[in-house]
Amino acid sequence: MAELAVDKHVKYILAVEKNKDSFESVVMDHLRMNGAYWGLTALDLLGKLDSVNVDEVISWILKCQHESGGFSGNIGHDPHILYTLSAVQVLALFNRLDVLDIDKVATCILSCVLLMKLFAHRWLYESIVSSCTSCFAQVSKLDITGLQNEDGSFSGDMWGEVDTRFSYIAICCLSILCCLDKINVEKAVSYILSCKNLDGGFGCTPGGESHAGQIFCCVGALALTGSLHYVDKDLLGWWLCERQVKSGGLNGRPEKLPDVCYSWWVLSSLIMIDRVHWIDKEKLVKFILDCQDVENGGISDRPDDAVDVYHTYFGVAGLSLLNYPGLKAIDPAYALPVDVVNRIFFSG
Amino acid sequence: KLLEINPESYTAWNYRKLAVEHYLNLPDCNPDSIKSVLDDELRVVENALRQNFKSYGAWHHRKWVLSKGNSSIDNELRLLDKFQKADSRNFHAWNYRRFIAESMKRSKQDELKYTEDMIYTNFSNYSAWHNRSVLLSALFEKKAEGFLSKEKVLPEEYEFIHQAIFTDPDDQSGWFYHLWLLDQTVTTDSPLLASSWPGHGSDVLLVGDRRYNGSAFSPFSALHSDSGSFPIVLYFNQPVGGVNSSTVTVECGFNKNEDLLWKPLSASNSQTARVWVAHLKVPSSDLHSTVEVSVGHTKGIISTRGFEYSHPSMLSFKVHVQPMERDSSQVSVAESISLREENFKVYGKQSEESIIDSFDQLIIKNGHETTASNWRFEALAKEIECFRELLSLVDCKIGKLTLARLLKAYDAMSYPFANKLVHSEEVLELYSDLMKLDPTHYQYYKDEHSMVLLQKVTSSKESLIQHCFQYKDSVSSAICGPICLRLNNLSLSRMGAFEKLLWVQMLDLSDNELQSIEGLEAMQLLSCLSLRNNKLRSLTALEPLRKLKLLRVLDISYNQIGDHSIDTTRYLCSSPLSHSVGSESNKDETVTSDVALIENWEAFYIFKDFNLNQLDIVGNTIADEKFKSVLVKIMPKL
């Protein structure tokens with residue numbers, strides 16, 4: 001059986017971080033914050049987080065923070081909840097959550113979204129009139145608690161897209177910052193449950209088809225709020241374990257191709273509901289290892305495809321969940337190393 | 001231009017929204033100029049989608065534009081048709097379709113027809129089957145015209161799904177829809193009481209002294225406990241909420257109903273559970289009294305699916321308290337209990353009559369269900385026939401799995417009237433076949449097999465008796481204590497049949513393959529438990545035992561606790577990690593600043609509420625001297 005080419009992957013990740021002018025880098029410019037989380041968490045799992053310059057990373061992250069407290073995908077982009085979580089997760093990795101003004105990130109308990117939108121629109125109108133030459137006007141006054149809607153759901157930013165991914169992000173982010181009480185957890189949970197399907201899985205909005213990525217988000221959010229008793233573990237467990245196809249890899253929903261990233265979404269969900277023994281772990285390990293580029297480093301979505309940092313992270317994280325030797329243990333709900341999570345909650 | 005090349009550049013979509021709002025707020029705008037601006041946006045979205053029809057940003061922008069009120073339903077359906085034909089599984093398109101149908105008031109029946117068309121084009125369309133299940137549930141719930149009786153609608157759906165499954169048994173698209181149909185056929189809407197302890201009509205004897213061995217009382221209803229109280233356990237057929245002293249009234253001479261606190265046996269702060277318990281305090285004097293428990297005579301018990309408990313039931317049993325012997329010339333007994341082979345003696349046959357009576361008392365017969373549900377039996381029988389036929393043509397996994405589920409469901413519906421499970425052997429064989437046919441999912445079939453085996457063992461008096469043993473004290477050789485149910489060495493990977501095991505006080509599960517004890521919290525009378533030589537992987541897996549207030553002796557030796565860095569029950573136990581708002585664990589966060597306890601937080605949160613006298617942990621990686629001293633700190637009575 002192949003082995004995990006640790007050194008090659010470390011080299012690959014570090015190279016991606018440095019090469020800001022490649023086509024891949026430019027096309028992914030807007031989600032560099034996610035990329036930072038994938039690359040750095042993978043490095044930590046491989047035991048090589050000290051290969052990067054911490055201060056450089058943190059200074060760049062802080063440049064992506066906006067007045068409202070939210071973070072953008074890169075400098076010059078608008079803030080969005082997706083990138084806020086990645087920023088907080090990276091700071092947690094480095095044990096530098098202290099650089100955040102926590103109240104700022106989590107403020108606005110009082111205002112409801114309606115009030116926010118009214119205020120924002122007026123502000124926007126005036127802002128456009130006075131600065132119409134700016135290409136990417138940084139206009140959103142966003143912060144996580146203000147993003148919670150009446151029905152308990154969360155919007156990604158002030159433009160109102162609703163998705164259970166954002167529910168997970170809000171809950172994960174605020175619980176890392178130990179201020180989960182700043183949102184209405186009960187309503188957040190009931191919204192997530194309204195997205196539960198008859199096959200036991202979860203979709204992005206009520207009625208949305210079950211998809212492994214959404215299932216991870218919903219199960220993760222329920223785990224973090226002590227609400228896993230609402231999940232029909234046997235029903236969902238069967239749906240999830242049937243993602244394992246003949247090649248040993250996992251797909252994201254029925255009759256689709258296997259992809260290494262589902263080694264995370266499906267696997268972590270199975271672990272959180274204690275049904276991971278329903279898949280063949282050895283076969284999955286073999287599949288992930290077959291997706292490596294052992295020459296140049298990196299992991300791809302399936303064997304022989306092009307690698308990227310996203311699949312490299314999910315492959316390594318999946319192997320960690322499968323107890324692959326030499327890797328740090330990762331927490332299935334926070335998607336951060338267990339020692340990072342324990343440091344936040346159990347350091348006395 | 002940017003968005004047509006890279007629709008993922010979300011800030012550009014934001015900029016466009018700002019620009020649109022600017023135009024819409026200009027003083028000289030009119031309906032025509034507005035339409036032209038919005039049409040332009042719709043065109044940009046369509047071009048962007050052509051580049052990447054899975055772009056969240058593009059689809060959301062379209063929704064946003066529509067909120068300004070411009071397009072027609074025909075326009076949008078036309079767009080959707082294009083994309084759904086290109087990729088019938090595109091969930092963005094399906095979501096957008098649901099959004100359009102909702103906001104433009106397209107009927108559910110029309111949408112149902114659309115799913116039918118999609119499925120006839122290609123059976124392998126999970127997204128269409130999913131949407132169909134969503135629409136049908138909504139129509140059932142609304143009690144819409146033509147969907148009033150499941151009895152009529154389900155057989156048609158079964159016919160439809162057969163076409164998908166039988167055309168290509170290896171295609172998963174139809175499997176989950178069929179499972180849903182089965183659930184609709186079998187699950188009663190309103191919840192029912194499945195079993196209880198004490199059983200209706202039973203004679204309960206409370207014994208304070210372990211050495212007591214009165215054979216006049218059945219092993220199912222003699223409780224050995226010195227706690228001064230006994231539990232009333234109610235086991236429902238599905239999770240319910242709203243069980244309290246108003247909806248369940250207990251009339252007895254020695255307790256006031258209003259003082260009773262009913263608790264759900266569920267993790268963390270859940271207010272719903274399948275199993276509920278309340279404790280009656282018992283006076284220490286000689287007592288013979290009748291207790292009457294009325295369940296659901298007042299409305300308020302509701303299932304998690306939203307249906308009311310609508311079949312009020314009553315349990316009545318007699319309580320006898322055995323006063324403690326004051327004679328101090330008692331034979332001395334061993335300090336500790338050792339659940340080893342040599343200490344067991346097969347339960348004698350002398351009291352077989354009392355066994356038979358009290359065994360029947362364990363399960364509640366819900367008579368009202370049989371007459372109303374003939375269509376359920378018919379539907380199941382027909383399905384069983386269809387799948388037997390499929391299997392005669394093709395030896396396929398879904399055929400065997402579905403047949404096993406159908407036979408189990410049929411047995412579950414017929415029992416307890418049939419008084420035995422007719423198809424157990426066949427079901428066990430099907431699961432064994434599946435372990436060979438589909439080795440990837442071996443453990444799934446093993447877990448199912450274990451649960452069926454337990455149902456089989458516990459559903460007839462003859463087989464249950466074979467697993468009942470008396471405990472012989474190693475010092476005095478006297479028979480003492482309650483009956484021990486021995487389910488050791490059965491290759492069990494999972495526990496089940498709890499509704500039939502509420503009476504058990506001593507349980508031997510040693511030498512099995514258990515990696516989980518989920519559900520064990522229902523066994524409220526447990527005082528001695530052996531999980532020796534199993535596959536428990538972490539301390540958090542012991543969470544169900546936290547609810548067992550009478551547990552005094554626990555053997556978890558020779559498991560795998562401490563071997564694994566990934567904990568699969570980490571979020572299934574109450575701890576600061578699962579920030580249950582208002583949970584008990586939050587209060588204790590400040591209680592300890594002891595470093596050793598913080599380092600062993602799992603041990604702390606699991607064991608702090610235990611009341612053990614005896615604990616066996618040898619043979620686990622975690623069990624070193626340091627750990628033992630931590631345990632003694634957490635449980636001083638050990």
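In the predicted model, Asp508(B) has a relative accessibility of 0% and therefore counts as buried, the cut-off being under 20%. Its salt-bridge partner is Arg486(B), with the closest N and O atoms 3.0 Å apart. Arg486(B) is likewise classed as buried, because its relative accessible area is 5%. The two residues belong to distant parts of the chain: Arg486(B) sits in strand E13 (residues 484-486) of chain B and Asp508(B) in strand E14 (residues 506-508) of chain B, 22 residues apart.

Over all chains, the structure holds 43 salt bridges. In one of them, Asp433(B) pairs with Lys400(B) at a closest N to O distance of 3.3 Å. Asp433(B) lies in helix H15 (residues 424-437) of chain B and Lys400(B) in helix H14 of chain B, so this pair ties together parts that are 33 residues apart in sequence. Lys400(B) is buried, with a relative accessible area of 12%, whereas Asp433(B) is partly exposed at 26%. A further salt bridge joins Glu308(B) to Lys299(B), with the closest N and O atoms 3.0 Å apart. Here Glu308(B) is partly exposed, its relative accessible area being 36%, and Lys299(B) is exposed, with a value of 67%.

The interface of chain B and chain A was examined next. The contact involves 83 residues of chain A and 72 residues of chain B. Together the two chains bury about 6,600 Å², and 58% of this area is on carbon and sulfur atoms. Salt bridges across the interface number 5. One of the salt bridges between side chains of the two chains is formed by Glu242(A) and Lys397(B), at 2.8 Å from N to O. Polar contacts between chain B and chain A amount to 36 residue pairs, both residues being at pLDDT 80 or more. On the side of chain B that touches chain A, the elements giving two or more residues include helix H2 (10-24), helix H6 (91-103) and helix H14 (397-414) of chain B. H2(B) provides the largest share of that side, 9 residues. By class, the side of chain B that touches chain A consists of 30 polar, 26 nonpolar and 16 charged residues.

Helix H6(B) has 13 residues and spans 18 Å from its first C-alpha to its last, close to the 18 Å expected at 1.5 Å a residue. At the start of H6(B), a side-chain oxygen of Asn90(B) comes within 2.9 Å of the backbone nitrogen of His92(B). The helix is mostly covered, as 10 of its 13 residues are buried. Among them are Phe91(B), Trp94(B), Tyr96(B), Arg97(B) and Ile100(B). The buried residues of H6(B) pack against H4, helix H5 (73-86), helix H7 (108-121) and H8 of chain B. H6(B) is followed by Lys105(B), which has a positive phi, near 55 degrees.

In chain A, Tyr191(A) is located in helix H9 (residues 185-193). Tyr191(A) counts as buried because its relative accessibility is 6%, below the 20% cut-off. Leaving aside residues up to four places away in sequence, Tyr191(A) touches several residues, including Asp151(A), Val162(A), Cys204(A) and Pro206(A). Tyr191(A) and Glu150(A) are 41 residues apart in sequence, and their C-alpha atoms are 9.9 Å apart in space.

Note on methods:
Residues are numbered from 1 along each chain as its sequence is written. Chains are lettered from A and ligands numbered from 1 in the order in which they are written. This is a predicted model: local features need pLDDT of at least 70, side-chain atom pairs count only at pLDDT 80 or more; totals for chains, interfaces and linings use all residues. Side-chain values use heavy atoms; hydrogens and water are left out. Contact means heavy atoms within 4.5 Å. Buried area is the accessible area (1.4 Å probe) that two parts lose on being put together, summed over both. A salt bridge is a side-chain nitrogen of Lys or Arg within 4 Å of a carboxyl oxygen of Asp or Glu. A polar contact is a pair of N or O atoms within 3.5 Å; within protein, one must be able to donate a hydrogen and the other to accept it, and residues adjacent in sequence count only if both atoms are side-chain atoms. Helices (H or I, at least four residues) and strands (E, at least two) are DSSP runs, numbered from the N terminus. Ala, Val, Leu, Ile, Met, Phe, Trp, Tyr, Cys and Pro count as nonpolar, Asp, Glu, Lys and Arg as charged, and the others, Gly among them, as polar. The expected span of a helix is 1.5 Å times one less than its number of residues. Buried means under 20% relative accessible area, exposed over 50%, partly exposed in between (1.4 Å probe, protein chains only).
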